[in-house]
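Welcome, and please get your viewer ready.

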Amino acid sequence: MEKRVAIVGAGLSGLLACKYILEIGLHPIVFEADDGIGGQWRHTIESTKIQNPRKDFQFSDFPWDSSVKENNPSTEKVQVYINSYAQHFSLIPYVRFNSKVIDIDYVGESNEEMMSWGLWSGNGSPFGSKGIWHITIEDTKIFRTEVHKAEFVILCIGKFSGLSNIPEFPFGKGPEVFKGKVMHSMDYAALDNKTAAELIKNKRVTVIGSRKSAHDLATECAVKNGVTHPCTMILRNVHWFIPNFKIWGFNLAFLYFNRFSELFVHKPGEHFLLSLLATLLSPLRWGISKLVETYLKWNLPLKKYGLLPNHSFHQDMYKCSFGVLPELFYDKVKEGSLVIKKSQNFSFSKEGLIIDGETKPLETDVVIFATGFNGNQKLRNIFKSPIFQNYINGSTNANVPLYRQIIHPRIPQLAIIGYGQALSHIYSNEIKCQWLAQFLDGNIKLPNIKEMEKEPKLWEDTLKKYDSNWKSCIVTCAIWYNDQLCKDMKCNHLRKKGLLKEVFEPYGPTDYSGLVHK
């Protein structure tokens with residue numbers, strides 16, 4: 001039988017999926033709506049740099065060029081790096097650019113028959129079912145649609161792009177009454193650098209949001225306009241931000257991203273002794289969090305500017321909510337070109353924004369929402385079947401239940417890469433793509449559907465002990481997760497040389513190079 005594989009998206013995950021599927025002898029086709037590769041890195045604001053140290057943001061078998069010296073390279077250099085990777089492994093010929101996937105529909109199996117299955121896809125394997133995916137593609141240049149057929153689909157559409165999340169306002173108090181410009185950070189990032197600069201030049205800009213994109217955007221506006229046209233940043237919640245990965249001169253990775261640090265936390269499916277150890281070591285976990293918080297309070301004017309979170313650093317770590325500050329953020333706050341305001345509620349007026357607790361409206365010319373994306377809804381929307389849409393998540397606030405963070409137990413012949421959050425999306429998604437390639441090659445056997453459904457529930461129940469609003473963030477037990485994938489692939493999950501290094505040395509991309517012999 002045919003084994004046609006379609007990949008949706010040519011960002012980091014899509015390129016990795018393409019590379020590893022080529023290695024097992026299949027020839028995928030990658031549908032990309034844009035005219036180039038890179039995904040969200042093609043549409044990032046000019047001043048953005050990678051948050052991770054460079055050595056943690058790289059492909060396992062393709063290092064950065066020796067000419068790149070910065071620890072946190074710019075967006076431009078990231079794009080060059082991604083393009084070099086695709087060229088080196090000859091991935092570009094497999095990408096169809098300007099090909100937007102409108103929807104995907106599974107044809108050939110009735111809903112009743114699929115509900116009766118005990119094994120995933122009816123037989124537990126990626127191929128062999130009667131079903132086939134119909135993928136509706138729109139050519140974004142000539143707006144012509146066609147239907148492509150594939151036995152297996154890999155969705156690499158990204159969680160942080162495509163469908164913006166903008167708060168709703170009562171009638172008469174939303175953007176429609178405002179005389180200025182309102183947009184989402186996604187739309188701002190999509191502009192070329194010259195157009196973006198012209199949009200904010202000599203304008204009073206207000207940025208809404210509290211995460212990394214809001215900090216980057218507010219700092220960029222403050223740098224361009226200075227104190228004559230200060231940028232205002234409105235935050236509903238405050239999160240922990242670090243200036244870099246050094247705490248008291250000590251690499252943060254040794255406190256959070258090695259096997260020793262994972263002993264402090266409960267992990268899904270751990271045995272009794274590990275569970276007991278995590279309980280006994282919980283004071284040490286609390287102490288490390290306090291150590292980081294004390295350093296940040298000592299070195300940053302958090303309290304002075306109302307940016308001191310009311311929760312622990314460890315809690316933000318569990319939610320993947322911490323971030324790295326733009327270099328000039330507090331410099332701009334101190335000089336007055338960046339003004340911080342905290343408010344739970346605000347509304348629009350003709351002149352600007354009405355902020356709770358303030359007597360006068362905040363006059364502004366441009367309002368930019370850096371309020372994130374609705375990744376779950378974006379994922380739901382790509383399915384034509386309402387049943388599959390509900391499988392993704394019954395409500396927009398629920399986690400998508402994926403076995404091994406890759407496969408939905410009830411959606412056949414399909415994988416999702418890039419949904420679970422980790423410290424570095426490159427090497428986290430790279431090991432997932434290696435696992436998926438081995439599964440497609442027949443080297444991994446799935447349990448029955450009921451057993452598959454237990455695993456994402458176990459992850460959720462375990463990690464919600466630390467935060468009731470946990471959403472698919474696996475950063476605090478990423479090594480534990482990678483161990484599971486390694487064991488599935490029948491390769492050694494202990495990647496270091498020597499016991500001390502294995503326990504105390506942080507894990508990174510190169511540790512997972514050459515997992516499976518070609």
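Is the crossing of α1 and α2 left-handed or right-handed? Before turning to that, note that this is a predicted model, in which local features need pLDDT of at least 70, side-chain atom pairs count only at pLDDT 80 or more, and totals for chains, interfaces and linings use all residues. Residues are numbered from 1 along each chain as its sequence is written, and side-chain values use heavy atoms, leaving out hydrogens and water.

**First stop: a helix pair**

Select residues 12-23 for helix α1 and residues 75-88 for helix α2. The crossing of α1 and α2 is left-handed (the near helix is turned anticlockwise from the far one by less than a right angle). Their axes, lines fitted to C-alpha atoms over the stretch in contact, lie 11 Å apart at an angle of about 15 degrees. The two helices therefore count as roughly parallel (angles under 35 degrees).

Now show side chains: L12, L15, L16 and K19 of α1 meet I82, Y85 and A86 of α2, where contact means heavy atoms within 4.5 Å.

**Next stop: W240**

Move on to W240, in the loop between β10 (231-235) and β11 (241-242). W240 counts as buried because its relative accessibility is 2% (buried means under 20%, with a 1.4 Å probe and protein chains only).

Finally, pick R285, 45 residues from W240 along the chain; their C-alpha atoms are 17 Å apart.

Technical notes. Helix = DSSP H or I, 4+ residues; strand = E, 2+ residues; numbered from the N terminus. Buried < 20%, exposed > 50% of the residue type's maximum accessible area, 1.4 Å probe, protein only. Axes fitted to C-alpha atoms, helices over the stretch in contact; angles between N-to-C directions. Parallel < 35°, antiparallel > 145°, perpendicular 65-115°, else oblique.
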